[in-house]
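The model is shown first.

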Amino acid sequence: MTHDVGDAPYHAHIYYAAEERSVAASLRDKLRAAPSGDPLSQLRFVGELRDHKAGPHITSQFEIHFDERLLPSVEAELAHSGLRVLIHPLTLDDLGDHTYLGRWIGEPVELDLTVLDPPGINQGIARFGKTDF
């Protein structure tokens, strides 16, 4: 997968507790319905609410995929939600993406790092813009 400068692939994982599910659903719906001209209308993928463990994510979450150039708009919108968020690039270092390359909005949540791809492989790249877990 090749990308122009500013179009490096990114994921954001938006976490929610049971009592925050309606906030997460509203945010997801807003992201999916962003009007043309809004930078958020250029998100590559907005996933389903996952009320169960998915990959390294043991807390309920949904994910979005976007190009790096959208990072300021995405960060602002997600910070405004009040939910906890992990934003990370997609590189060939899956562990690095979910740890030192990622950044948190709000309090970090625990991740199961034992299920991440070994260095040199990141299966998230293959599903970028197409599917979540």
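## The lining of the largest pocket

The lining of the largest pocket comprises five nonpolar, nine polar and three charged residues. Here Ala, Val, Leu, Ile, Met, Phe, Trp, Tyr, Cys and Pro count as nonpolar, Asp, Glu, Lys and Arg as charged, and the others, Gly among them, as polar.

The model is predicted: local features need pLDDT of at least 70 and side-chain atom pairs 80 or more, while totals for chains, interfaces and linings use all residues. Residues are numbered from 1 along each chain as its sequence is written, and side-chain values use heavy atoms, without hydrogens and water.

## Position of the pocket

A pocket is an open set of points on a 1 Å grid over the protein atoms alone, where a 1.4 Å probe fits, with protein on both sides within 12 Å along at least five of seven lines; lining residues have an atom within 4 Å of a point. Of the 17 lining residues, Pro56, Asp94, Asp117, Arg127 and Phe133 lie nearest the centre.

## Two helices in contact

Helix 1 (residues 21–32) and helix 2 (residues 71–81) have axes that come within 11 Å and cross at roughly 155 degrees. The two helices are therefore roughly antiparallel (over 145 degrees). Val23, Leu27, Lys30 and Leu31 of helix 1 make the contact (heavy atoms within 4.5 Å) with Glu77, Leu78 and Ser81 of helix 2. These contact residues divide into four nonpolar, one polar and two charged.

Helices are DSSP runs (H or I, at least four residues), numbered from the N terminus. Axes are lines fitted to C-alpha atoms over the stretch in contact, and angles run from 0 to 180 degrees between N-to-C directions.

Definitions and conventions: Angles under 35 degrees count as roughly parallel, over 145 as roughly antiparallel, 65 to 115 as roughly perpendicular and the rest as oblique.
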